[in-house]
Amino acid sequence: MATDRAAPHPGEPPLIGDHLAMDLLNTQVRSNGEDVDLWRTGEDVAAWMARLGLDGADSGVGTPETLLAQAKALRALARGLVASRKAGEPVQLDALNQHLHAYRSTPHLARDVDGHFVLQRRAANDDAEARLGPVAESVASLLVEGDFALVKQCEHPDCILWFYDRTKSHKRRWCSMAQCGNRHKAAQFRKRNSDAP
Ligand SMILES: [Zn+2]
């Protein structure tokens, strides 16, 4: 369940997006009315990539500062693209294509934990843009294949988290039931009680 993947430690980005592109946006959160960037260093970006099992996450080439700057640029770009597409506005592809073109990769045949063959992609170089390639590709895949009716932002007014609604009923409203769902229920309860005669 998505709620089980809410941030295990304070300060770690929640992995509740059910899509890599959504989890990318969710590295910025809102807390007590303030936007908080959970990527403060290149190491934060590398740790986030490692949690997501992204290939090359612990390769050491390139400075952490470059990785941080590139990751933030990609995230800002993705935020704009998702918002434009969601609003039905024209989507500019050039900047995302620059990130995609920097991702030179090679096919790699491996076995998964059950011994089945899996065809993977491996970055052919180690620079920051190549390391972030799978993330850029996930943003592109969202534009290609995503149903933007299911690309949603948490309905809680003090939350900016995004998710891809993969529930059967497509009625997911909250980043996590444990957090915003319960906050909403508690607020409704207080409201009902104060309205009571
Ligand atoms: Zn929320």
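**The zinc site and its surroundings**

Guide: Let's begin at the metal: the four donor atoms around the zinc ion subtend angles of 101 to 119°, which makes the arrangement tetrahedral. Please keep in mind that this is a predicted model. The protein donors are the SG atoms of C154, C159, C175 and C180, and they lie 2.2 to 2.4 Å from the zinc ion. Along the sequence, these donor residues follow the spacing C-x4-C-x15-C-x4-C.

The side chains of K152 and D165 meet in a salt bridge, with 2.7 Å from N to O. This pair also links distant parts of the chain, as K152 is in strand β5 and D165 is in the loop between β6 and α7, 13 residues apart. K152 counts as buried because its relative accessibility is 17%, and the cut-off for buried is under 20%. D165 is buried as well, with a relative accessible area of 0%. If you wonder what lies behind such a contact, side chains of opposite charge can pair when their charged atoms come close.

One more residue deserves a look in this region. H170 lies in the loop between β6 and α7. Its phi is near 55°, a positive value in a residue other than glycine. At 41% relative accessibility, H170 counts as partly exposed. You can find another such residue elsewhere: D18, in the segment before α1 (20-25), has a positive phi of about 60° although it is not a glycine. D18 counts as partly exposed too, at 30% relative accessibility.

Let's step back to the whole chain. There are seven helices and six strands, and from the N terminus on they run α-β-β-α-α-α-β-β-α-α-β-β-α. The C-alpha atoms fill a box of roughly 70 × 40 × 35 Å, taken along the principal axes. Of the 197 residues, 39% count as buried.

Helix α3 covers residues 64-86; at 1.5 Å a residue, its 23 residues should span 33 Å, and its end C-alpha atoms are 32 Å apart, which agrees. Helix α6, residues 133-145, can be treated in the same way: its 13 residues should span 18 Å, and its end C-alpha atoms are 18 Å apart, which agrees.

Which residues of these helices are buried? In α3 they include L67, L68, A71, L74, R75, L77, A78, L81 and V82. As you read along that list, remember that an α-helix has 3.6 residues a turn, so residues three or four places apart point the same way. In α6, the buried residues include V135, A136, V139, A140, L142 and L143.

How many salt bridges does a search of the whole structure find? It finds ten. Among them is the bridge between D35 and R30, whose closest N and O atoms are 2.7 Å apart. R30 counts as partly exposed, at 31% relative accessibility. D44 and R40 form a salt bridge too, and their closest N and O atoms are 3.9 Å apart. Here D44 is partly exposed, with a relative accessible area of 24%, whereas R40 counts as exposed at 55%.

Let's finish on the surface. L109, F117 and L119 make a nonpolar surface patch of about 390 Å². F117 has its place in strand β4 (residues 117-123). With a relative accessible area of 58%, F117 is exposed.

Technical notes
Residues are numbered from 1 along each chain as its sequence is written. This is a predicted model: local features need pLDDT of at least 70, side-chain atom pairs count only at pLDDT 80 or more; totals for chains, interfaces and linings use all residues. Side-chain values use heavy atoms; hydrogens and water are left out. Donors are N, O and S atoms within 2.8 Å of the metal (3.2 Å for Na, K and Ca); water is not among the atoms, so sites may look incomplete. Four donors count as tetrahedral if all angles lie between 85 and 135 degrees; four count as square planar and six as octahedral if opposite donors are over 155 degrees apart and all others between 65 and 115; anything else is irregular. Helices (H or I, at least four residues) and strands (E, at least two) are DSSP runs, numbered from the N terminus. The expected span of a helix is 1.5 Å times one less than its number of residues. Buried means under 20% relative accessible area, exposed over 50%, partly exposed in between (1.4 Å probe, protein chains only). Patches are made of residues with over 30% relative accessible area and no salt bridge: like charges are joined within 9 Å, nonpolar side chains (Val, Leu, Ile, Met, Phe, Trp, Tyr) within 5 Å. Accessible areas come from the Shrake-Rupley method with a 1.4 Å probe; for residues, only the protein chains shown count as cover. A salt bridge is a side-chain nitrogen of Lys or Arg within 4 Å of a carboxyl oxygen of Asp or Glu.
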